[in-house]
Amino acid sequence: MEFFCYHRDRPGSAALREKLTEEHWSYMDRFDARLIARGPTLDGDTATGSVHIVDLPDPAAARAFAFDEPNYQAGVYRDVLLRRWRNVLGRTMWDFPGGREGGSRYLVLGLGTGQAADLLPPPDRQDDLIAYGSLLSDDGATWLGTAALIRAGDRDTARTVLTSDRYADIEVHHWEFGGRR
């Protein structure tokens, strides 16, 4: 089962996050073979959150993954969005033909209402999509939104990957490929 996990940083937690970098990476190393995508959201050079898309056996394992994470345990994060996810592209971020460099990258997060939307990505955006999929309830039966990692020229262009009138809210965050440096 695939899960989308977005830890959002608590304001003023940058120094604590920095102090825990190695602990965070060591924790994530345990899941390396299961990660579909990972990386921080940013405001300039300051991290504002961490995205992890991971394949785990069940919702209990996903909750353990999210809440046992060292930054969460230490209070770096203010909240966590954890949802089942459907990997529509069927690949990891490391398989993205555009690679790690070149262009701005974004997390586009659409929180759904009502009938499912954007179950498939727009065909004209395939070359820029790093990851794309539906956010689902724990049992996978109810659509709750859509999450995309995309290369785009700017925030407004990134937002257009989702149909705006089908969501209660669409968030767009600068994002970069994560992992050890």
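Okay, let's start with a cut-off: a salt bridge here is a side-chain nitrogen of Lys or Arg within 4 Å of a carboxyl oxygen of Asp or Glu. Keep that in mind, and keep in mind too that this is a predicted model.

So, Arg125. It sits in the loop between β5 (104–112) and β6 (129–136). Arg125 is buried, and it has no salt bridge.

Next, the aromatics. The count comes to six aromatic pairs. Take Phe31 and Phe65: the ring centres are 4.8 Å apart and the planes are at 85 degrees, so we call that one edge-to-face. Phe31 is in the loop between α2 (21–29) and β2 (35–43), while Phe65 is in helix α3 (residues 59–67), so the pair ties together parts that are 34 residues apart in sequence. Buried or exposed? Phe31 has 13% relative accessibility, so it counts as buried, and Phe65, at 1%, counts as buried as well.

Trp175 takes us to the nonpolar cores. The largest one has 19 residues, and the members that touch the most other members are Phe4, Ile53, Trp85, Leu149 and Trp175. Which elements give two or more residues to this core? β1 (2–9), β2, β3 (46–55), β4 (77–85), β5, β6 and β7 (143–152). The largest share, three residues, comes from β6. Apart from this core lies another, of 16 residues, including Leu129, Trp143, Ile170 and Val172.

Leaving out neighbours within four places in sequence, its contacts include Arg38, Pro40, Val51, Met93, Arg105, Tyr106, Ile130 and Leu149.

Last thing, the annotation. UniProt, in an unreviewed entry, lists residues 1–86 as "domain: YCII-related". Over residues 1–86 the chain is 34% helix and 42% strand, and the end C-alpha atoms are 8 Å apart.

That's what I had, thanks.

Key
Residues are numbered from 1 along each chain as its sequence is written. This is a predicted model: local features need pLDDT of at least 70, side-chain atom pairs count only at pLDDT 80 or more; totals for chains, interfaces and linings use all residues. Side-chain values use heavy atoms; hydrogens and water are left out. Helices (H or I, at least four residues) and strands (E, at least two) are DSSP runs, numbered from the N terminus. Buried means under 20% relative accessible area, exposed over 50%, partly exposed in between (1.4 Å probe, protein chains only). Lys and Arg count as positive and Asp and Glu as negative; His and the chain ends are not counted. UniProt positions are given in the numbering used here, feature names are shortened, and annotations may be inferred rather than shown by experiment. Rings of Phe, Tyr and Trp (its six-membered ring) pair if their centres lie within 6.5 Å; planes under 30 degrees apart count as stacked, over 60 as edge-to-face and the rest as tilted. A nonpolar core is a set of buried Ala, Val, Leu, Ile, Met, Phe, Trp, Tyr and Cys residues joined through side-chain atoms within 4.5 Å. Contact means heavy atoms within 4.5 Å.
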